[in-house]
Amino acid sequence: MALFAELRRRNVLKVALLYVVASWLILWFVQGPGAALDLPSWTRSFLTLLLAIGFPVALLFAWTYEITPAGLRKASSVDQTQSIVYKTGQKLNAAVSVLLVLGVLALIGEGLLPKFEFLVPGVPQGEAPVAAQTPPEIRSLVLDNGLKIIVWPDHDIPNVVLYNFVRAGSRNEYPGITGISHFFEHMMFLGTEKLEPGEFDRIMEAAGGSNNAYTSYDVTVYQDWFPRSALDVIFGLEADRLQNLRTYADAVEAERQVVFSERRSRVDDNNFFKLYEQVRATAFVAHPYQFPIIGWPSDIEAWTEEDLAGWYQTYYAPNNRIMIFTGDVTPAEIFELAEEHFAPIPAQDPPPAVRTVEPEQQGVRRVSVQAAAQTPMLHMAFHAGSATDPETAPLNLLLNILVSGESSRLHRALVEEEELVLSVDGFQDEGFDPGLAYFYLTLPPGGDPAGVEQRMLELLQDVVENGVTEAELRKARNIVLADFWRGLATINGKASALGQYEVFLGNYESLFALPDELEAISVGDIQEAAAKVFRSQNMTVGVLLEAEE
Amino acid sequence: MNGLRYITVALTYLLCATALAQGVTLPEVERVVLDNGVVVVLHEKRDVPLVGLRASIRGGAVSDPDGLGGMANLLAGALEKGAGERDAGEFAEAIDAVGGSLSAGADLESITISADFMARDADLMIELLVDMLRSPRLEDDEIRKLRERSINELRAAKDSNLRALTPIYGNGFLFAGHPYGNSLLGDEASLEKITAADVRDYYSNYFGGDRLVIAVAGDFDAAAMLENLSAAFADWPAASAVLAAVEVPVESTGRSVLLIDKPGAAQSYFWIGNVGVGIDYASRAELDIANTLFGGRYTSMLMDELRTKAGLTYGASSSLRREAAGGSVAMISYTKTDTTIAAIDLALSLLEKLRGEGVADEMIDSGKNYLLGQFAPKLETAVQLAGQFAMLESYGLDASYINDYGAAIAAADGEAIRTVISEVYPTTDNLVFAIIGDAELIREQLAKYGPITEMSISEPHFRP
């Protein structure tokens, strides 16, 4: 006991405590916020070793020496009546308190007490990424019911983004129910067994969150943007609408009118979509990519509650969805909440496969639309690949070379030099099944669509025959790479990109392979892709002109 | 015991930290004013290898010369068409080659240049920016092409983008004779009159160091950047033309209706508003809460009634336009032609309700949480931060505009919000209507809202 009392008197215990707390803070910093300093990966192990070696040294030092008004002296040589160890002890107490407060504040700043993750038994930690270039903090987990969850923690701002990818799009529709995947996107906001229509949004917005959703040819995607403080609310709301959705007849009818209004302003009063709808319907004769996402008006009018209920059960099952969380969260807390809220939702039989394969096009197809139009439009569509087909990545670079930026080939030729069109742009579908490479041009009043079509074909034929230059390829790579980084600058962009790659390429980690993959594509690959796609018998041409009186 | 005191102090800090977490605090910046008045604001942020930049020249569409509407915007476009050693093609090539973006546009009160590029390309992109501002080529042929394309793009918008047009017609009609009614893009007739020489004159009169703010955020070295920008701009003389002071706009009294005929339109698109308040309005937090609840989010009064309950539309909102000397406040929506009157009547009844009853007390907390919860992501990236810094400088505001906002939202109470509502939102007796639609089908019914001025959408201007 005498030794213990002397240890206390000489403040050795307090120094020990201070040392432990300070070490913990240092190690926490290196692992957390210090990661931004780009320290080498061995920093943490090295510091741990250093701090461990330093611990006995510090204790020995505290035992041996004592702070006196005259400076540092050997404890054994200090007159006990003159000793100020009590004051030193108070200072040490203060230092420990301050460090503890700092630690707690830092953890609060991070939004959590990470130690707790490991204290909760049974909480899965998820799979770490495999590839070296993938950020190591990302975790993924597949629940027993087949729901896959991917978490990318990022503590820059106290906000969280959730993307819920449902593998249901107009690709899964057939005549009679076209537009149902888009309509169902609206239904998901219209009430459950527990919540009246409108409550979902009211609760979310009152908690500081906002949301949206979109439907494409392949998927329906639900997005929530919310402060960290709303995490529990969001899980509650999402779990509720993913298992207790109810179709209130009144709400369904009102929403039908909303969708008609959406269709009127998007399609009926918009010349681009008027033509786009017709060109797609012409380019595909068999595959459901021919249906407009918003649906044909007669189908919007006609789908029934049974259609809607069947859609929900089949396509919104956990095994047909993927959820991405990015922002101010830890994987462990998300996985724990997911086990609680989503694990009870039962898996379902997988949806029926989309069996139809679009047959090879045998010759050019044409469609025209007459509308109130001061400015005519020309659309040109070519059958191309799916997200995973080998020609898709080179074709994507080629489209950048052709239409991205004012220095792009088609813009320079058609807009700047020949002044034939007001604008030229393009994209390709990168979906589950082979889609279209699509160009759309707006002509000045009185412009000549046939002449512009001819010039477009010459310019595309030039790529087929002569390829592109190394400089053009370098430029396209830089554009794609810069967009890649811009996407990753926000937690929203991170969630969107992870989801796209996971859903369409089968593995979110392929996102981070993009820079290397870009380097691997050659001018030869691009020319080959161009030759495969840009053939006139593979083309559908649409023209929109002023209605004749 | 002393330990207790520390714990108390610790708890106090903790509570403060929690309260602060409600708002957003702008990061520290380095702000330097060069001798000629150029303001440089720099902030290093190295999470991704990107740099965001915003340069702003005070002026903008309010200083478009009489009859030459769209001048500021045309000049902004022309700045991209070749500068320094590079012609238009080479200039575009230089930007695209590194995957950067560098573009200029006009607002009412400034011309802005926004850039977003990889950190490794900073020297090149700054060189391009400097050339754009100090030695744009402004060649005849490029300006002619740009002007013709602008005219045709307006025609294309009239074919396909009616939602975007109602605010242009609405503000033009409301601010008749006041520069806040100027269309940023000008109109087909005014653009037709602008010559390349006019554009060059405007540039040499209205551009100069005294009007320039440059804000840069992202992955760069602040000292080197400052040196670079100082070397480029320190000797830029002041602009020669005086920026005319903008008078405070006066509220429009009574009702008036502008009907823009678009034969065959499937829907009617409406804008209903009056004069509002400026950017430095003292009760901004209360106003933002009121507008969020009235028409600024999905569960707002307008959206809830017009879309969710009545199924009349896909979207309905209330918009606040806030400039230096004032602004406008308006309700915006669209609906199929035969429900035009039902939708407008409903919107008017909601405005009446807002002014009469204010917003429900239980909704105020919801509105506050929404504004605060959606605030941080608006200042997440280097580009967003650069834009915010430049905006504050251009309007003579300081960081407290952002830093104190969270606390002001938290402190707003029902009484103050009601006061703001009656101060800012017009009564239903004093409204300006702008409605695009099939006039033949709606003209007669619209007469009940007030005297109608009618024009065709194909007329080459936005004001009757």
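Mentor: Let's begin with a word we need: two residues are in contact if their C-beta atoms, placed from the backbone, lie within 7 Å. This is a predicted model, in which local features need pLDDT of at least 70 and side-chain atom pairs count only at pLDDT 80 or more, while totals for chains, interfaces and linings use all residues. Residues are numbered from 1 along each chain as its sequence is written, and chains are lettered from A and ligands numbered from 1 in the order in which they are written.

Across the interface, 62 residues of chain A are in contact with 62 residues of chain B. On the chain A side, the elements giving two or more residues are α4 (85–110), α7 (199–206), β7 (220–227), α9 (249–268), α10 (271–283) and α17 (470–487). These labels number DSSP runs from the N terminus, with helices (H or I) of at least four residues and strands (E) of at least two. The biggest giver on this side is α9(A), with nine residues. By class, the chain A side has 28 nonpolar, 20 polar and 14 charged residues. Here Ala, Val, Leu, Ile, Met, Phe, Trp, Tyr, Cys and Pro are nonpolar, Asp, Glu, Lys and Arg are charged, and the others, Gly among them, are polar.

Now let's step into chain B and follow strand β10 (residues 327–336). β10(B) pairs with strand β8 (residues 267–275) of chain B in the antiparallel sense over nine bridges; strands pair if DSSP finds at least two bridges between them. F270(B) has S333(B) as its bridge partner in β10(B), and N274(B) has V329(B). V329(B) is also the bridge partner of L320(B), and strand β9 (residues 316–322) of chain B is joined to β10(B) by seven bridges, running antiparallel. Four residues lie between the strands of this β9(B)–β10(B) hairpin, where G326(B) takes a positive phi near 155°.

Back at β8(B), nine of its nine residues are buried. β8(B) also pairs with strand β11 (residues 431–437) of chain B, antiparallel and over five bridges, and there G273(B) stands opposite V432(B).

Another sheet in chain B is open, with six strands in the order β1-β2-β6-β3-β5-β4 and mixed pairing. Because β1 (30–33) and β4 (101–106) of chain B stand at the edges with a single partner strand each, one side of each has no neighbour in the sheet. Inside this sheet, β2 (residues 39–44) and β6 (residues 212–218) of chain B run parallel and are joined by six bridges, with V39(B) partnered by V213(B).

Finally, look at two helices of chain B: the axes of α2 (residues 71–79) and α8 (residues 196–206) come within 10 Å and cross at roughly 90°. Axes are lines fitted to C-alpha atoms, for helices over the stretch in contact, and angles run from 0 to 180 degrees between N-to-C directions. The two helices, α2(B) and α8(B), are therefore roughly perpendicular, a term for 65 to 115 degrees (under 35 is roughly parallel, over 145 roughly antiparallel, the rest oblique). M71(B), L74(B), L75(B) and A78(B) of α2(B) meet D198(B), V199(B), Y202(B) and Y203(B) of α8(B).

Methods: A residue is buried if 20 or more other C-beta atoms lie within 10 Å of its own, exposed if 12 or fewer, and partly exposed in between; C-beta atoms are placed from the backbone.
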